[in-house]
Amino acid sequence: MNSFLIVRLGSLGDVVHGIPVAAALRQEFPSARIDWMVDPHYVELLDLVNGIDRRIAVDPRIIRHGDGRRRLREILRELRRADYDAVIDLQGLLKSAVLARMIHGRQTIGFPRTHLREPLARFFYTSTPDPGEATHVIYKNLALLAPLKVEDRRLRFPLEIPWSRTVLQVVERFEPDGYVLLNPGAAWPNKQWPPERFGEVASAIVRDLGWRSLVLWGPGEQEIAHRVVEASAGDAELSPPTRITDLVGVARSARLMISGDTGPLHIAAAVGTPIVALYGPTQPERNGPWSLSDITISRVQQCSCVYERKCRKMDRCIDDIEVAEVMSAVHRRVEARG
């Protein structure tokens, strides 16, 4: 029986982008063992993915400490006994490459030097297939399956949609018209569109389409979400606290999502929610929505702080996106859906 281990610890969006690799392996090798090494924060997302046999939680924040190192050694000993045919490093960092190689699979597959943020990682791979002309990270990931002769690399997201109490409460709260999801937060301040403009968009959507908005928030983002609600003059309301599993169901039931480049956006894309995406310092061609119907408003071409967490200028490039431009995209995306 074939056996494979995927190494992609985080972040949330990157884990989402790795799911098609697990799905393609399952499609090609129906009886194989397919495991995934992941940050403990994202195990609950992988629990929703059909076709994964085991989720191995490895916290990169604690492996430098004594107890963490001991636990890691135990995990590695156990994984070596699995005798994997291939360990596939989707992360492409030195730490992930070292972890992947230490498992002693028959192959350790990773990206070639030109596709690595940390080029030293390439020395720990036994196979480095070239992604070629692929631009989006999902297709780059799928290209790593070439040494395993996986030819069917269609995008699949075999996610179970959970109907938790939180999801049901949200759906019932907005019946019968449904709701738009607004996600103003992001891990990088440089990716955050001004919350007051999100609030203006919420009011414009009520005026034009009759749909109220639900404002998502994560750890440390509640103040930003409150500012959106205040700016909406009652046309948006604060989401209840959500876990990742709740977010999957809430996104799947939404009429539309408006968000910057962050994990919840990629979850929404994976479950087929219509999207208007707002991109400043990151490239949508690499990690934006992949549906041809979704609309991305990007300012990366004029950004001088590409892939930097904080802007070095007085005026951030994402601030150049106006409410009218977003509303034009909203109407076009709604019309595309029918």
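At what angle do the axes of helix α1 and helix α10 cross?

1. The axes of helix α1 (residues 12-28) and helix α10 (residues 263-270) cross at roughly 25° and come within 7 Å. This is a predicted model, in which local features need pLDDT of at least 70, side-chain atom pairs count only at pLDDT 80 or more, and totals for chains, interfaces and linings use all residues. Residues are numbered from 1 along each chain as its sequence is written, and side-chain values use heavy atoms, with hydrogens and water left out.

2. Axes are lines fitted to C-alpha atoms, for helices over the stretch in contact, with angles from 0 to 180 degrees between N-to-C directions. Angles under 35 degrees count as roughly parallel, so α1 and α10 are roughly parallel to each other.

3. In α1, the residues L12, G13, V16 and H17 meet G263, P264, H266, I267 and A270 of α10 (contact means heavy atoms within 4.5 Å). By class, the contact of α1 with α10 has five nonpolar, four polar and no charged residues.

4. Helix α6 (residues 165-173) and helix α9 (residues 244-252) have axes that come within 8 Å and cross at roughly 30°. T166, V167 and V170 in α6 meet D246, G249 and V250 in α9. By class, the contact of α6 with α9 has three nonpolar, two polar and one charged residues.

5. H136 lies in the loop between β5 (108-109) and α5 (137-143). H136 is buried, with a relative accessible area of 6% (buried means under 20%, with a 1.4 Å probe and protein chains only). A polar atom of the H136 side chain lies 3.3 Å from the backbone oxygen of R286.

Methods. Helices (H or I, at least four residues) and strands (E, at least two) are DSSP runs, numbered from the N terminus. Ala, Val, Leu, Ile, Met, Phe, Trp, Tyr, Cys and Pro count as nonpolar, Asp, Glu, Lys and Arg as charged, and the others, Gly among them, as polar. Buried means under 20% relative accessible area, exposed over 50%, partly exposed in between (1.4 Å probe, protein chains only). A polar contact is a pair of N or O atoms within 3.5 Å; within protein, one must be able to donate a hydrogen and the other to accept it, and residues adjacent in sequence count only if both atoms are side-chain atoms. Angles under 35 degrees count as roughly parallel, over 145 as roughly antiparallel, 65 to 115 as roughly perpendicular and the rest as oblique.
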